[in-house]
Structure formats: C-alpha cells, structure tokens
Amino acid sequence: MPTYSFNNATPFEAIQVGEYISDDLAAMGMTQKELSQRTGIPAPHINQIIKGKRRITAEQSIAIAQIMGYEDALLYMLQAQHDIDKAKLAKQNDVKSSLLKIAAVL
C-alpha cells in the first residue's frame with residue numbers, strides 16, 4: 001500500500017508571502033509606509049512584495065520580522081514554499097495539458 005506524503009501533495013494555489021504581510025499589517029493597524037519607515041525598506045519594494053511582484057530577500061525578511069514579531073526566517077521560508085507550490089502547480093498543469101492532447105487524439 002503506498003504511503004501518503006505532503007511532499008507529493010499539490011496545493012490548490014500558491015500563496016504569495018505578501019498576502020501574509022498585508023493581512024498582519026491590517027491587523028496591527030500599520031500602513032505599508034510605516035513599515036517602510038521602520039524597516040528602512042523602500043516603500044515601493046514593500047508594495048511590490050505585498051502585490052507579489054517582487055520576491056522577498058533574506059535581509060528584508062529579517063527586517064520585517066523584527067518589526068512584526070515574526071521569527072527571522074518565517075517570511076523567507078514562506079517565499080520558498082510559494083515558489084515550490086508554484087512549480088508544482090505548473091507541473092500539474094503540464095500533465096493535464098498532455099492528457100487533454102492524448103484524449104483529443106483518441
């Protein structure tokens with residue numbers, strides 16, 4: 001009997017690290033501008049991270065974590081998990097596309 005592993009699971013979606021930051025900023029009543037001022041990260045970079053247009057760096061992860069009360073590596077690990085989930089979804093879509101092509105021939 002095959003064993004199940006979460007490593008084999010394909011997520012429904014890849015969640016951007018910025019979604020976590022955005023939700024927690026709202027809960028803390030803090031603006032992106034204030035986070036920028038407190039971390040020294042340029043406001044456009046904060047905004048791009050939150051919108052998923054920029055990956056978070058290790059340095060940014062540490063700076064934001066210190067202000068928001070996270071473990072230093074949390075956001076960086078969430079970024080890595082997003083990247084893995086995105087790759088799994090792309091692979092799943094490739095398999096589905098191949099199966100549809102085969103089915104069309106039959």
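The model is predicted: local features need pLDDT of at least 70, side-chain atom pairs count only at pLDDT 80 or more, and totals for chains, interfaces and linings use all residues. Residues are numbered from 1 along each chain as its sequence is written, and side-chain values use heavy atoms, leaving out hydrogens and water.

**Overall make-up**
- The protein has five helices and zero strands; helices (H or I, at least four residues) and strands (E, at least two) are DSSP runs, numbered from the N terminus.
- Along the sequence the pattern reads α-α-α-α-α.

**Burial, surface and contacts**
- Of 106 residues, 25% count as buried, meaning under 20% relative accessible area (1.4 Å probe, protein chains only).
- Among contacts (heavy atoms within 4.5 Å) between residues at least 6 apart in sequence, 57% join residues at least 24 apart.

**Helix α1**
- Helix α1 spans residues 17–28, 12 residues in total.
- From first C-alpha to last, α1 reaches 17 Å, close to the 16 Å expected at 1.5 Å a residue; the expected span is 1.5 Å times one less than the number of residues.
- Val17, Gly18, Ile21 and Leu25 of α1 are buried.
- Seen down the axis, the buried residues of α1 fall within an arc of 90°, so they line one face of the helix; the arc is taken from the directions from the helix axis to the C-beta atoms.
- On the other side of α1, Asp23, Ala26 and Ala27 are exposed, that is, over 50% relative accessible area.
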